[in-house]
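Good morning, and thank you for joining.

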Amino acid sequence: MLNDRTKIAVLVSGGGTNLQALIDADLKAGQIVLVVSSQAGAYALTRAQNAGIPALAVERKAFQSQAAFEEKLVSTLEANGIELIILAGFLTILSEDFTRRYPNRILNIHPSLIPAFCGKGYYGLRVHEEALARGVKLTGATVHFVNEIPDGGEIIAQKAVAVEPGDTPKTLQRRVMEQAEWQLLPQAAELISERIRRSKMNVYEIPSIGSRLNGNRYPGRGIVIGKTADGTKAAVAYFIMGRSANSRNRIFTQKNGEVFTEPFDASKVQDPSLIIYAALRSIGSDLIVTNGNQTDTIYDFVAEGKTFSEALTTREFEPDGPNWTPRISGIAHFVPGDFTYEMSILKSGDAEGTFCNRFTYTYGAAAGLGHFIHTYVCDGNPVIPTFQGEPERVAIPDDIDAFTDEIWNNLDAENKISLYVRFIDLKTGESADRLVNKNV
């Protein structure tokens with residue numbers, strides 16, 4: 001990886017404490033290959049030289065215009081093959097013409113929790129003076145992308161720092177640097193450097209299932225099918241969530257290798273028709289997983305020599321208007337040493353639930369890759385938006401426990417109900433499974 005590290009230039013104006021934090025972090029995905037100061041006597045240049053990093057001054061006052069200054073800056077960056085620019089105490093505001101040359105390639109560290117105490121004129125001690133004058137109890141630091149608006153680019157990371165009794169601007173500044181800036185900036189530099197490194201290698205980064213779920217309050221019910229990264233196992237996962245008391249009153253149970261939803265408290269069941277069903281069944285060399293009683297429909301059709309898609313032409317979305325919950329289904333077809341899989345969604349074609357749209361997707365199994373389909377895009381009120389598009393690509397790890405934990409820990413804590421995961425060894429046919437119930 002070292003030969004394709006992202007080439008970083010750090011732009012400075014003063015002492016270079018944030019530069020030192022980057023040097024000390026010993027970045028893995030990125031490498032600082034140039035330090036440029038807008039002040040000839042800045043101690044940051046000495047820090048760079050001590051670390052063996054090429055360093056030079058491009059002084060703003062030496063140029064008659066901002067455009068001429070930036071033209072020199074650009075030519076210097078281009079001559080050194082710079083791919084990522086980090087502003088670490090750089091006290092010159094860059095123009096829109098400059099920032100547009102490097103979209104999402106310029107990072108800045110700002111000593112406050114943006115949008116507080118930021119923008120033109122807010123730098124150095126001024127930020128901390130204002131924080132103390134306003135009497136805030138928390139301040140901190142923010143790493144963000146740089147655009148034409150001072151401190152206005154997309155936020156990458158933030159960290160809060162407590163304001164303590166008796167703080168002066170200088171003591172607060174020091175604590176923010178030590179507890180936030182010097183930690184956040186190297187972390188963000190590593191993150192964006194890795195992103196750039198992958199893009200220039202033409203590597204399509206497959207999102208993790210955790211990143212797909214994290215922060216989504218209600219994806220509904222979800223199915224994942226794919227192959228582990230080492231290519232030796234098939235992976236199947238199914239989770240359920242609930243917003244109402246009826247839908248939350250469920251658990252998964254396992255009987256003879258099949259998985260069922262059952263009421264947690266039978267005395268509280270209001271309507272069993274849509275919440276109690278066989279979720280996972282095997283027939284021959286096929287494994288079926290769905291979010292409803294269409295599991296049995298698919299099972300019966302396959303038993304008769306018919307296909308997955310033929311079975312689903314006889315079914316439609318759930319009759320629970322106005323949401324018209326989609327029916328999602330998957331089937332894995334195992335052959336010696338490998339498998340293929342299909343996924344389906346049946347969903348309402350209009351807001352009134354008058355006709356059903358049916359979509360089926362067929363996949364060959366690729367190592368490390370899975371597909372994830374879920375009933376809803378996210379939470380909604382009064383209507384929950386239905387899942388859109390093709391099943392989402394997700395990374396499949398080798399470890400069943402890591403995969404189970406990643407799904408369960410990233411599902412919304414209030415709405416998650418149950419999760420089942422099965423890994424099948426493609427050589428031996430042996431399986432391992434994990435079952436997690438919130439209601440125990």
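I will begin with the overall picture and then turn to one strand and its partners.

The model is a predicted one, in which local features need pLDDT of at least 70, side-chain atom pairs count only at pLDDT 80 or more, and totals for chains, interfaces and linings use all residues. Residues are numbered from 1 along each chain as its sequence is written, and side-chain values use heavy atoms, with hydrogens and water left out.

The protein contains 11 helices and 20 strands; these are DSSP runs, H or I of at least four residues for helices and E of at least two for strands, numbered from the N terminus. Its C-alpha trace spans about 85 × 50 × 40 Å along the principal axes. Of its 440 residues, 49% are buried, where buried means under 20% relative accessible area, exposed over 50%, and partly exposed in between, with a 1.4 Å probe and protein chains only.

Now to strand β19, residues 416-425. How many of its 10 residues are buried? The number is 9, so β19 is largely enclosed by the rest of the structure.

Strands count as paired if DSSP finds at least two bridges between them. With strand β9, residues 233-241, β19 pairs in the antiparallel sense over 9 bridges; here M241 has K416 of β19 as its bridge partner. Strand β20, residues 431-437, is also antiparallel to β19, through 7 bridges, and Y420 stands opposite L435 of β20. β19 and β20 form a hairpin with 5 residues between them. In that turn, G429 has a positive phi of about 80 degrees.
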